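Please read them with the structure open beside you.

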Amino acid sequence: MYDKKKTLEIDRKHIWHPFTQMKDYEKMDPKVIVRGDGIKLYDSDGNEYYDTVSSWWTNTLGHCNKEISNGIKKQLDTLEHVIFSGFTHPFAAEFIDLLSGFLDKSLSKYFFSDNGSTAVEVALKMAFQYWQNLGKTDKTGFIMLENAYHGDTIGAVSLGGVPMYHKLYKPLMFSTVQVKGPNCSNCPHRKSDYTFDTSQCGCNIECFGDMEKAIRQHGSKTAAIIIEPLLQGAGGMILYRKEYLQMLEKTAKENDILVIYDEVATGFGRTGSMFAYEQCGTTPDIIALSKGITAGFLPFAITAATDKVYDAFYDDYFSHKTFFHGHSYTGNPLGCAAGIENLKILKRDNLPCSNKNTIEHFHGKLREMEEFDFINDIRYLGFIGAIDIVKSRKNKIPFNPEERIGKKIYMDSLENGIILRPLGDTIYFFLPLITTPDDIEQIFKRTLKVLTGLSI
Ligand SMILES: Cc1ncc(COP(=O)(O)O)c(C=O)c1O
């Protein structure tokens, strides 16, 4: 293994990191991580870090879970990969058999790919072609939400609504109808000072008005609406009420529009239920899943669809209804092995339900932050929590973006044995399902040390 010096030397010379202004590394080195164990990562100097962002929201059962690594090791000597067109394998079958036990029965057809963006690309091409195959060739449009994030490939970017990530690429995108999204943090009907778990919202889902209008205006030309259920992640950890999804399901059905749920981030227990949609009593026509699907071990994804969608593609070859989409690593057996072990653990250990104690403890600790004047909002859903920070809430003074407070918090957090990676002025926690109340104590102790130590 290369030592720290050599790793950094080569990194600095040749490696271009994602979502990173590489010039920032002139003043700091990236941490060289050499080991992971449970919720912690360890660097080449032996320092530990609480991985509160679950390594880009992928890790659900802690780092280096032995059952999952053993499952992959066993698989390695049997079959590492095989083309998935014209061939299948027992590992894909076992994985889907397990996964179908967790998803709504109406989602009965599963398409494999290898990351969240591809899962979304598959979903949007499926939705588009569904209407083409049915002969409704006018239905080509998509409705999406402000602050939506669905990935970084151009199809997924076209469905995105975060100006910082998406605006520049506009000339490359297909056009969509962007709707003002629900956001309980900005709701004028909220009864409590902070959003908390959104149950304090005394509204009648007035925020659905914009979506309703868009559906009325554009419905006949719309193929699908795409949405992140209950929580818009990269857009700022924005929470909204389940009734929004209930109204969306009803209105979309009435107007003959498909609904795509993007549970790439919210899936596999993170929100306190296996999938966020379970908390809403709604189901989509198509769902995109990735990240926690292998508990953070391997790149892997699924796009699941209903029989209604699938049947529109099922015909004689020369009807030209084939779904011509696929990736080299589609259905990778190693990914299946990781997914199988992950799902077996979730089932056996009844996660996330069996860890309600930690969830409650976590929410309690977040609520305790009310006392600080630099906290502007507090919100949470399952193992996800977010706080918006300001210079002074009382005096309504936000941070000046030029101060790059997020970067400062990130750097200070590393000095304090914790990884905090704010989205703008929003500090968030995206915790694994195996987090304990003791971990929560440590995480908050270290977070408060960082925040109260800032000279703001
Ligand atoms: C909701 C959502 N969809 C899609 C993606 C894209 O996933 P990936 O980064 O694996 O391409 C993300 C990534 O953060 C996400 O949060």
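1. The ligand is surrounded by W57, N115, G116, S117, Y149, H150, G151, E228, D262, V264, A265 and K291, where a residue qualifies if one of its heavy atoms lies within 4 Å of the molecule. This is a predicted model, in which local features need pLDDT of at least 70 and side-chain atom pairs count only at pLDDT 80 or more, whereas totals for chains, interfaces and linings use all residues. Residues are numbered from 1 along each chain as its sequence is written, and side-chain values use heavy atoms, with hydrogens and water left out.

2. The largest nonpolar core has 110 residues, and F95, L99, L103 and M211 have the most contacts inside it. Such a core is a set of buried Ala, Val, Leu, Ile, Met, Phe, Trp, Tyr and Cys residues joined through side-chain atoms within 4.5 Å, with buried meaning under 20% relative accessible area. Helix 11 (residues 333–348) gives the largest share of this core, seven residues.

3. L99 touches Y110, F268, F275, L289, I302 and L343, leaving aside residues up to four places away in sequence (contact: heavy atoms within 4.5 Å). A second, separate core of 28 residues includes A123, Y130, L159 and A301.

Notes. Buried means under 20% relative accessible area, exposed over 50%, partly exposed in between (1.4 Å probe, protein chains only). Helices (H or I, at least four residues) and strands (E, at least two) are DSSP runs, numbered from the N terminus.
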